[in-house]
Amino acid sequence: MTLLLSVCVGSVSIPFSTTISVIWRGIWGLPLPQGTATAILLTSRLPRVLAVMLVGASLSLCGGAMQGLLKNPLADGSTLGVSSGASLGAVTAIAFGITIPKLPFAGTMVMAMVFAFCSLLIILGLAYKLDFSLSTNTIILIGVIFSMFASSVMSIIITFSGEKLRSITFWTMGSLQGASYTSVLVVLIALVLFGGIILLHARELNAFAVGEENARHVGVNVRRVKLIILIAVSGLIGVCVSIGGTIGFVGLVTPHMVRLLVGPNHKRLLPASVFGGGIFLMLSDLIARTLLNPKELPIGVVTSIIGAVAFVYIYGASRKGR
Amino acid sequence: MLRVENLTVSYGDLTILNNVSFSVEPGEWLMIVGPNGAGKSTLINAVTGGVPARGTVLYEGKNARAMKPHELARGIGVLAQSHFVGYSFSVEEVVRLGRYAYAPTIFSSHSGEEDAVKKALEQTGLYAQRRQSVLTLSGGELQRTFLAQTFAQDPKLLLLDEPTNHLDLVYQKQVFELIRAWLQKEGRAVISVVHDLSLARAYGTRALLLDRGCVVADGPMEQVFTDEILNRVYRMDVRDWMSRMLAQWKEA
């Protein structure tokens, strides 16, 4: 429903029946009706809404997994520092005009993914060097320090970016404006692959959420599981950041909302977070597109505002409920 | 059942455990006692691989360090002294985690899980509270929940690290009686770190007395709990102190 609503509503409103008809015909390869509506729907709005939905689902899933793994309700994908690393990669690509021959759009994406992966290697390498057991506190601490470092380097690049400043700033605020079907496919593959790995570890995440020491006592291979989850989360975050920029609060707030509805058991929490994150980001994107029509707000700004207010409300409600 | 040989734990120049050796056989309840800083909790952690240690830990003749975590968990269960659960899991969800070792992958069979969880909840008197959030439990109920988890894990050897440290007398008795009942089944053994010498004496079948990381005495309770040994290790007249405590109750 949210998907259809998001596709129908925008600077140009398209009737519900036309939307259904165009999408249905598009899926089955039937002849499409001519007109602006079809063009807007299929070339601009549908890929964008699909990308938004998948990015929201992915970020929310990563947040849910990190909150369980680190037993910390304030954790999300960005806690690890990978998100900042990916942003640094993308900003570098924009500032220096790095592109891939024949695939000019993929420069930012590939650089973000490469930097996300390198960030993970640096963070885990440092954590391993300082603390053999890879304790969650060490990982959080190094993640925070790495984020600060990456942000500083990013600031230096932005300072010298000249006329690219505007596009960098807009990108860092998060935007899925120009999302294509290629982007949709890339996020879908990442969500199926990395998200699948995370979903398969729901029992282990339950054990971590109860306590890492307890997880070890009941027989969880804590180091191996932690590495698998961290790699899956950073892979997924890297892809999302490369496509949508830094979109804050989705990974932090959605799992909290969902936890109030379905409880903390990751067997229910993770799939529900996937749905919740998709819906949350589609609604945020809808607001971003329509609130100041014809101007458009960066989606990251909308999620942060809604997220901050919602978070205070949820936190207050959960404290009262205890 | 468990053989520990020359276990040494050190952080830089600081040695916490120094060449500690002991063994436990089925039917025994080994009490690890000693003053603060003797290395009692570190010993439990080192046996389960929680801290890096030198030496050998053999469980049923196999090197415990080389065993897969879920294989080891089927043999050895651990009950920590306190727990902080951040999310509102139900009692049953926490107890169910005890069965992880029997189905470590999603492709493993979960047969027997329901019966084991139900039995563990009933044994610990938590069946009626199984849907209650662990965040709303008292300290004693929470400790019983984690004891139920270790019962569901169905290990042969139970390691307890000061299991009743934060509990009042009623819960102390409850937890120790539950463990004593659990030990009755053939082929099981318990090792527990205990501060309270009266509790150690009342429930233990053997004692391992540690002081500054070294074994001072190891043997049946009456051989370890002698005036000479206890006074030397605790640097006070233990019997006199205990007698004075008891006398106050008698006078009252």
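User: Helices are DSSP runs of H or I with at least four residues, numbered from the N terminus. In which helix of chain A is A:Ser147 found?

Analyst: The model is a predicted one. In chain A, residues 136-159 form one such helix. A:Ser147 is found in that helix, which is H6.

User: Is A:Ser147 buried or exposed?

Analyst: The relative accessibility of A:Ser147 is 15%. A residue is called buried under 20% and exposed over 50%. A:Ser147 therefore counts as buried.

User: Which residues does A:Ser147 touch, not counting residues up to four places away in sequence?

Analyst: Contact here means heavy atoms within 4.5 Å. With residues up to four places away in sequence left out, A:Ser147 touches A:Ser78, A:Gly81 and A:Ser84.

A:Glu296 lies 149 residues from A:Ser147 along the chain, with 28 Å between their C-alpha atoms. The residues that A:Ser147 touches are A:Ser78, A:Gly81 and A:Ser84.

User: What distance separates the end C-alpha atoms of H6(A)?

Analyst: H6(A) has 24 residues, and at 1.5 Å a residue it should span 34 Å. The expected span uses one less than the number of residues. The distance between the end C-alpha atoms agrees with this, at 34 Å.

User: How many aromatic pairs does the structure hold, and why is the pair of A:Phe146 and A:Phe149 called tilted?

Analyst: Over all chains, the structure holds five aromatic pairs. The planes of A:Phe146 and A:Phe149 are at 45 degrees, and their ring centres are 6.4 Å apart. Planes under 30 degrees apart count as stacked and over 60 as edge-to-face.

User: How many residues apart are B:Trp29 and B:Tyr203?

Analyst: B:Trp29 and B:Tyr203 also form a tilted aromatic pair, with 5.7 Å from centre to centre and 45 degrees between the planes. B:Trp29 belongs to strand E3 of chain B and B:Tyr203 to helix H7 of chain B. The pair links distant parts of the chain, and the separation is 174 residues.

User: Which residues form a cluster through ring pairs in chain B?

Analyst: B:Trp29 is buried, at 1% relative accessible area. B:Tyr203 is also buried, at 11%. Ring pairs link both of them with a further ring, and the cluster is B:Trp29, B:Phe176 and B:Tyr203.

User: What is the radius of gyration of chain B?

Analyst: Chain B contains 10 helices and 10 strands. For its 252 residues the globule rule gives 18 Å. The value for chain B is close to this, so the chain is as compact as a globular protein of that length, with a radius of gyration of 19 Å.

User: What share of the residues in chain B is buried?

Analyst: The C-alpha trace of chain B spans about 55 × 50 × 35 Å along its principal axes. Chain B exposes about 11900 Å², of which carbon and sulfur atoms supply 51%. Of its 252 residues, the buried share is 52%.

Definitions and conventions
Residues numbered from 1 in each chain as written. Chains lettered and ligands numbered in written order. Predicted model: local features only at pLDDT ≥ 70, side-chain atom pairs only at ≥ 80, totals over all residues. Heavy atoms only, no water. Phe/Tyr/Trp six-rings, centres within 6.5 Å; stacked < 30°, edge-to-face > 60°. Helix = DSSP H or I, 4+ residues; strand = E, 2+ residues; numbered from the N terminus. Buried < 20%, exposed > 50% of the residue type's maximum accessible area, 1.4 Å probe, protein only. Rg over C-alpha atoms; globule rule 2.2 N^0.38 Å. Areas by Shrake-Rupley, 256 points an atom, 1.4 Å probe, with all protein chains shown as cover.
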